[in-house]
Amino acid sequence: MMPPISESDLHAYADGRLDPSRRAEVEAFLAAHPEAAGRVGAWRRQAQELHAALDGVLNEAVPLRALPPRLQGRAAGPAARAAGWRMALAASVASLVAGGAAGWLAHGHADDLAARAPSAERFAREALASHVVYAPEVRHPVEVAASDEAHLVAWLSKRLGAPLRVPDLRAEGYRLIGGRLGVAEGGPSAMLMYEADNGSRVSLQLRHMAPGTADAAFRLERLPGNAGGAGAAAAFYWVDRDLGFALAGPLERAALLALAQAVYRQYQDG
Amino acid sequence: MDGFDRQLVALAPRLRRHARGLTGDAASADDLVQDTLERALRYRWRFRLRAGAWWGDGADGLLSWLLTMMHRLRINAYRRADLVTFADTLPDVPSAAPGPALRLDLARALAQLPEAQRAVLLLVGLEQFTYAEAAQVLGVPAGTVMSRLARARERMRELMDGAAPAAGIAAGSGPGTGAGGPGLQRVK
């Protein structure tokens, strides 16, 4: 006989921590108990609201106030420069995305930025900065894992306001690990992250461009200056039928372009 | 800067997000992040010596180690209550912001939770830590994490949705639920 469903089971269910057989039992229980189902739904909404309210902070510039003097250093040396450009990028993206879905504290800057139309170049820069922020995450690079692809697609499509398709890059050696919602100037963006066997990660970011944005061919965006040196991230970006695409990763131009073309082809075929 | 420093800087955005949720206030959050990173630099050898943890293997474990210190700093500060203010009204939220009602409700509701419950809600709901990981960060038994989580979620539901408190089923409350009134709850 199955053990009775406890309050703890409901929380573990809401957090996706149950094994499949117990999950099925909880789902059967919830189907018969609408009051409990309502509570579980509310708990999940709380988590979404937490992300909506706080994720904007991830894209804000890290102010000096938050760093001890030792970490503020811009002294010579590749490590310091790497940290320096990371912060510089965060600073630029924070000022760019303030008008969009960024956290509540960013809204103070919304007015002066709202008038500026989003451009493909800016989107590419934001995409590159987001990639730099999220790709090194070992534990939580994505909010929804690839194992839940149907949910991932439905969720990101809804937030993006456009049907999302997930390009298959396995033939190019990259498998999907998941996705997250990002912020781009003036609206949300969807970020899909892929990983190769050697651990190298690329991210594809998509957003709705303003209606009437001209289609644009592949262009390359790099980190400002010589930041990062060899192996630094770059992004190919393009605009196709009001959808902006940016593919970012620490790859050589030719390799990154091949991936970008694979994405482009799959969107053309569909 | 060495590799450890670089990893600290890379995790600073994650720490800032967590601290913002804990304190509800941008300036206090950034001070808390700085204090956390100061301690991380001072006690870096402890992280390197932890069983099974070697930072050269990547950032794995570093975020939870940092959050452990951040939560301890919060508790210590609560013991010196004159040093802590929790913003119960949020600054800088223009009424024209998209979805202001929802976000304000969330922020206000979060601010009304006891610190111990807010900590669990952030670790599980925002950082997606397992209950065992959250228990380790907070230094409490897993059962305590579960009971605090249950209380936090029901309290948030009352505050955000105007829901009546649920009767609950087979309420899984364990020893040391340690929730309680506003202000400090000692978390051990």
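**Close-up 1. Where helix H7(B) meets helix H8(B).** In this predicted model, Tyr131(B), Ala132(B), Ala134(B), Ala135(B) and Leu138(B) are the H7(B) residues that touch H8(B). Their partners on the H8(B) side are Ala142(B), Val145(B) and Met146(B). Sort the residues of this contact by type and you get eight nonpolar, no polar and no charged.

**Close-up 2. How the two helices cross.** We can describe a pair of packed helices by the angle between their axes and the distance between the axes. Here, H7 (residues 131-138) and H8 (residues 142-161) of chain B pack at about 105 degrees, and their axes are 8 Å apart. Angles from 65 to 115 degrees count as roughly perpendicular, so that's the label for H7(B) and H8(B).

**Close-up 3. Chain B, helix after helix.** Follow chain B along its sequence and the pattern reads α-α-α-α-α-α-α-α. That's eight helices and zero strands. Of the 188 residues in chain B, 42% are buried.

Close-up 4. Over in chain A, H9 covers residues 253-269, which is 17 residues. From first C-alpha to last, H9(A) reaches 24 Å, close to the 24 Å expected at 1.5 Å a residue. Which residues of H9(A) are buried? They're Leu256(A), Leu259(A), Ala260(A) and Val263(A). These four sit on the same side of H9(A) because they cover an arc of only 100 degrees around the axis.

How values were computed: Residues numbered from 1 in each chain as written. Chains lettered and ligands numbered in written order. Predicted model: local features only at pLDDT ≥ 70, side-chain atom pairs only at ≥ 80, totals over all residues. Helix = DSSP H or I, 4+ residues; strand = E, 2+ residues; numbered from the N terminus. Expected span 1.5 Å × (residues − 1). Buried ≥ 20, exposed ≤ 12 C-beta atoms within 10 Å, placed from the backbone. Arc of directions from axis to C-beta. Axes fitted to C-alpha atoms, helices over the stretch in contact; angles between N-to-C directions. Parallel < 35°, antiparallel > 145°, perpendicular 65-115°, else oblique. Contact = placed C-beta atoms within 7 Å. Nonpolar A, V, L, I, M, F, W, Y, C, P; charged D, E, K, R; others polar.
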